[in-house]
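User: Please take a close look at a single part of this structure. Then set that part among the other parts, in plain terms.

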Amino acid sequence: MTDLLDIRGLNLSTLGAPLVKDLSLSIAPGERLGLIGESGSGKSLTAMAATGLLPRSIEKSGSVLLGGTQVIGAADGVLDRLRGTVAAFVFQEPLTALDPLMRLGRQVAEPLKRRARRDGQDLSGTALDRAVTELLEQVALPQPERIARSYPHEISGGQRQRVAIAMALACRPQLLIADEPTTALDVTTQAEIVKLLDGLVRERNMALLFISHDLPVVAGIVDRVIVLRRGVTVEQGPVGTVFSAPRHDYTRSLVFAARSLDRALGGTA
Ligand SMILES: Nc1ncnc2c1ncn2[C@@H]1O[C@H](COP(=O)(O)OP(=O)(O)O)[C@@H](O)[C@H]1O
Ligand SMILES: [Mg+2]
């Protein structure tokens, strides 16, 4: 089967300073890949490169095939068609995806209307309201009608992330890219969001690129991991192998740091 995302020899730099070096990764339909590494290792830039969202100040070379289409150098119109339908993003900070001045229902309606147009349908009026409510129910938001009438600041951070996930799902993407989707949330809410993503990805047979500096979170949701350090891939493999028998010192230090933190918090790892 053709890979949904196939990155080959990706190099990113700014003003000649390398940020990501010769990175290659691929994700097949339905596959779940974790991208881990400390802050500043190049995870977000890699994710942005995957969907053509890189800032103009970043120089890029290599190949990024998303749904079989070359992203590097592609026109905005081509990228617009891929975004949302082939791949959709969930960001660390849900407010990135939300307009503070617009009721949430209207915001969720936008990608739903886009999907309907794509499928040659017209979605409006009560049918659209119903589709919004259904989508909010699918991300397990209580009282979806109330949430639809609310503004972003009127609901909690965890609820905002659920709304952002709903919007990412609206166009039924084949690949969900979640960049530190739980990092801004408290520990209990983090676990709930991971569980939600896990369920949604499974039900919808989506592929997942899950990005985090937090190993225990990644371990619970992906099959395979790539470990990034200062833009260089230092290790990759099945998640169980990499975490139980890390080969690289850097991976060992990440695993050790995660275990120490877990012990400090009273965990058992
Ligand atoms: N727009 C930008 N211009 C220049 N450098 C950037 C830009 N965005 C990120 N960087 C740098 O690239 C490196 C990788 O950043 P990033 O991918 O955001 O790391 P991570 O997501 O792993 O924390 C960092 O050193 C960061 O300072
Ligand atoms: Mg990042």
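**A single residue and its surroundings**

Leaving out residues up to four places away in sequence, S63 touches R8, G9, Q70 and I72; two residues are in contact if their C-beta atoms, placed from the backbone, lie within 7 Å. This is a predicted model, in which local features need pLDDT of at least 70, side-chain atom pairs count only at pLDDT 80 or more, and totals for chains, interfaces and linings use all residues. Residues are numbered from 1 along each chain as its sequence is written, while chains are lettered from A and ligands numbered from 1 in the order in which they are written.

S63 belongs to strand β4 (residues 59-66). Helices (H or I, at least four residues) and strands (E, at least two) are DSSP runs, numbered from the N terminus. S63 counts as partly exposed because 13 other C-beta atoms lie within 10 Å. The scale is this: 20 or more other C-beta atoms within 10 Å make a residue buried, 12 or fewer make it exposed, and counts in between make it partly exposed, with C-beta atoms placed from the backbone. From S63 to L254 the C-alpha to C-alpha distance is 29 Å, over 191 residues in sequence.

The loop between α1 and β4 holds P55. P55 is exposed, since it has 8 C-beta neighbours inside 10 Å. Its C-alpha atom is 21 Å from that of A168, which is 113 residues away along the chain. After α1 comes G52, with a positive phi near 70°.

Helix α1 (residues 43-50) also gives the most to the shell around ligand 1, namely 3 residues. That ligand has 13 residues around it, and T14, L19, K43, S44 and L45 come nearest; a residue is near a molecule or strand if its C-beta atom, placed from the backbone, lies within 6 Å of it. By class the shell has 4 nonpolar, 8 polar and 1 charged residues. Here Ala, Val, Leu, Ile, Met, Phe, Trp, Tyr, Cys and Pro count as nonpolar, Asp, Glu, Lys and Arg as charged, and the others, Gly among them, as polar.

Most residues other than glycine have a negative phi. D22, in strand β2 (residues 17-27), has a positive phi near 45°. D22 is partly exposed because it has 14 C-beta neighbours inside 10 Å. E180 has a positive phi near 50° and sits in the loop between β7 (175-179) and α7 (187-203). E180 counts as buried because 20 C-beta neighbours lie inside 10 Å.

The largest nonpolar core has 76 residues, of which V108, A166, L175, L176 and L209 touch the most other members. Such a core is a set of buried Ala, Val, Leu, Ile, Met, Phe, Trp, Tyr and Cys residues joined through C-beta atoms within 7 Å.
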